Amino acid sequence: MDGMRQIYIEEANELLDSLETALLALEENANDKSNIEQVFRAMHTLKGNSSMFGLTHISDFLHNLESIYDKVRIGELALSKELLDCTLAALDHLKIIVYSPDLEDPINKERHQQLSNEIQQLLDFETNNVPVKEDLLATKITASKTYHIYFEPYPNFFDDGSNPLLLLAEIAGMGKTVVVPHFKTIDFIEEFVPTECISFWDIYLETTHDEQSIFDVFVFVHDSAFINITEIPYQGLLNNPSFLEKVHATASTAAKMDIQELLSLSESLGINDKTLVEKSPKPNDNTVNGRIEKNKEKVASSVRISSDKLDELMNLVSELITTQASLSLFSENNKIAGLETISENIEKLSRRLRDVSFGMTLVPINNMFARFQRMIRDTAAAIGKEINFSTMGGETALDKAIIEKLVDPFMHLIRNSLDHGIETKEERIRLGKPEVGDISIKAYYSGVFVYIQIADDGKGIDVEAVRNKAIEKGLLGEGQNLSDKEIFNFIFHPGFSTAKVVTDVSGRGVGMDVAKRNIVDLGGDISIDSTTNIGTTITIKLPLTLSIIDGLLVNVDNIKYVVPLSAIVKCYEVENKLMKNNFNRLLILDGEQIPFVNLREEFDYELSCNLLSQIIVVYDGKHKVGISVDAIVDEYQAVIKPLGKYYKNQDFVSGATILGDGTVALVLDTNKVIDLHIKNTMKYAN
Amino acid sequence: MQTNKNTQTSKTDRSAEKIKSFLSFKLDTELFAIPVMDVIEIVEVPPITKIPQSPEFLKGVINLRGAVLPIIDARVKFGFPSTEPTVNTCIIVLEVEINEEAIYVGALVDAVLGVFEMDENAISPSPTIGAKYKANFIKGMIKNDDNFIMLLDIDKVFSALEVDIVLEVSE
């Protein structure tokens, strides 16, 4: 049972998320039909699921909400701010009680009662304001329509054995019918031919079937009868005694109902259901089609998989690749006919398998954005500011493990923008800025990384204030000269806050260092850029995929390293003596001056006895730097295993990988190697 | 990884005595012991890949059936100079808790002696005077035959930080 409950909770959360997104969208544009449908659908599905599990508190709670939104979607009710606020409050409550549906907690129980009452009031208020007509109650407000069917069989109708009464019975089975029979006039009894049909009928049918279905009843007799079907756009006729009196008046006469007369009679007696007919979903309505298509799309394009299964798949794929590396090595060392080809094929297949399965753990960052939207709305309202929140690059995908860990740091950063960045409305107007503040999130790929920028157009960060605070805290010497960017980095120090007033939302200086730590733990980085009165941009850099990369296997003093292929620009062969006595540590490669890092030197290995070294030129987004190694061994697909806490400080090694022969190779983070080199060079320079 | 637990259940009354199993090992001339429950396995020493610019007590990493295992040179941790491995040198794979997270680490030791059972109540507290090592690393002293064996708190000893276990002579 537990497993089923887990599934219920997961589905419920998904439904509540989709509900929230639609509600927030409706706040912007109350007329968007598809969002109303989404709200209704989510409520309806959740209600059904909850009933299935016997969670009556939840299903009852949803029942009235669902009724309200049903009225909204057929246009009987208008969306008011009151309704939306109440629905959002109900949503929050549902998020909680999904986990404890028996309302054991008295707080939950109280809130439940309160919200139920509010919803009931909203429902009653709106229902009472719609005039209810007796006839309307009798006829359901569905897509049922009234038709007049004129059925006149030709005289030879009976010749093939057809029985018109059977057809009438079939029509009667399609809905409420009133059948008025007629006979053609015969002047003289001698003229009557008994095998000929002289009957004809006026049939009045109220049905939900469409005209084509009615026509289909007569499919076999199209050639032997005259059939005419007219839609009467008025409701409630078949219950109306005046109408019935009129139509029956012509019964058993030769006088058939004149259509025009019928229509004017209907108009005077019936209830014009033109408006109702338009509102109820027509079978060919685009929104219905759109809805159905959207549903189909959803079903076709996604399958729910437990993340444990995904993790297991990842592990197996990783091990497969490691084993495949052994196979390659074996085939190289043992020249057995045919083995090389097979080994190569397996390599190709495992590479593709890797790409596909790793693509599965990538989740678009959109999911995260939706949560922020809600938080911004609520917080902005609470502190009296108006914010326009925009996102770009939501389809950018990140490893799902990373996304979960990003939510908290991001929440903190956005709250900071809201609280300290964006000025009050009055202040903004005074500065000539638009009253509504702007907060935006932009995500994009670059190389092996994903960049996410959170930007606001607020008052920016005062560099001088930060500088002074840093000096005050002893983190910075008075005379020291640092770039703005370096000064902003102090903000990430624990306990550092230049906020004059600590608010409920932020300002204690607790969050930024934690945010940075969380991001760095994921192998990423964070930096701030700001201009006074213009705004602040925070850039977060994150590694794309944690585990498998394509790299170049190299040798440095008999230790093997892997250099990620994506960072490499070009490889050169260089004579060692060129590097030895190099004062400005620059090499001229392809006519370009490129600084270089001698790994043997960096890693304190002995100096090389070789004549030649290989220079691998890498690009860290800003500079090109050459890294010198003893030899390049081969291209290699590395399954990266983390080194763990013990090697936290050695960040230039981003992980290790197990080679085909069982030894361990270290995976280089080339950016950090460059940083390390710069640090060391500055040390020597001082 | 298979847990190499010692499952010798003794039928003696457990409420009075708390019999636990310990693994004893040797570093240079000193004898140490750790609870068998914390030991995952014992392996021979494969090629160790040293990470550049790492502290001396971190010997490097090895390949343990496809996983990357960090290796701590226990000799160095306890103040002995690092030496070349002998035929008896081996690696004890331990599960330690760091910052509430369970991590596997390998301890490089000179020799593993054996497993012995001991009544927990019979473990004497470690002496403070004349002690060679800081008190919080040693959980107690065990007298086994003629030897004194020091029972280690592995979470403290094998933590990731470079903490000095050896007491300064002046203290």
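Predicted model: local features only at pLDDT ≥ 70, side-chain atom pairs only at ≥ 80, totals over all residues.
Just after helix α20 of chain A, Gly523(A) takes a positive phi of about 85 degrees. Residues are numbered from 1 along each chain as its sequence is written, chains are lettered from A and ligands numbered from 1 in the order in which they are written, and side-chain values use heavy atoms, with hydrogens and water left out.

The helix itself covers residues 511-521, and its buried residues are Gly511(A), Met512(A), Asp513(A), Ala515(A) and Ile519(A). Buried means under 20% relative accessible area, exposed means over 50%, and partly exposed is in between (1.4 Å probe, protein chains only). What do the buried residues of α20(A) pack against? Their partners in chain A are α16 (400-421), β12 (525-531) and β13 (535-543).

## Two aspartates with positive phi

Most residues other than glycine have a negative phi. Asp557(A) is not a glycine, yet its phi is positive, at about 50 degrees. You'll find Asp557(A) in the loop between β14 (548-556) and β15 (559-564) of chain A. Asp557(A) is partly exposed, with 24% relative accessibility.

Over in chain B, Asp28(B) is also not a glycine and has a positive phi of about 55 degrees. Asp28(B) sits in the loop between β1 (19-27) and β2 (30-35) of chain B. With a relative accessible area of 33%, Asp28(B) counts as partly exposed.

## The two chains

Chain A has 686 residues, and 43% of them are buried. Its secondary structure comes to 23 helices and 23 strands. Take the contacts (heavy atoms within 4.5 Å) in chain A with a separation of 6 or more: 69% of them join residues 24 or more positions apart. The accessible surface of chain A is about 36900 Å², 53% of it on carbon and sulfur atoms; these areas come from the Shrake-Rupley method with a 1.4 Å probe, and for residues only the protein chains shown count as cover.

Chain B has 171 residues, 44% of them buried. It holds two helices and 10 strands, running β-β-β-β-β-α-β-β-β-β-β-α from the N terminus on. Of the contacts in chain B between residues at least 6 apart in sequence, 60% join residues at least 24 apart. Its accessible surface is about 9300 Å², with 50% belonging to carbon and sulfur atoms.

## Where they meet

How many residues of chain B are in contact with chain A? There are 28, and they touch 20 residues of chain A. Together the chains bury about 1900 Å², 68% of it on carbon and sulfur atoms; buried area is the accessible area (1.4 Å probe) that two parts lose on being put together, summed over both. In chain B, Pro52(B), Gln53(B) and Val68(B) lose the most area to chain A, together 32% of what that side buries.

On the side of chain B that touches chain A, β4 (58-64), β5 (67-73), β6 (90-98) and β7 (101-109) are the elements that give two or more residues. The largest share, six residues, comes from β4(B).

Note on methods: Helix = DSSP H or I, 4+ residues; strand = E, 2+ residues; numbered from the N terminus.
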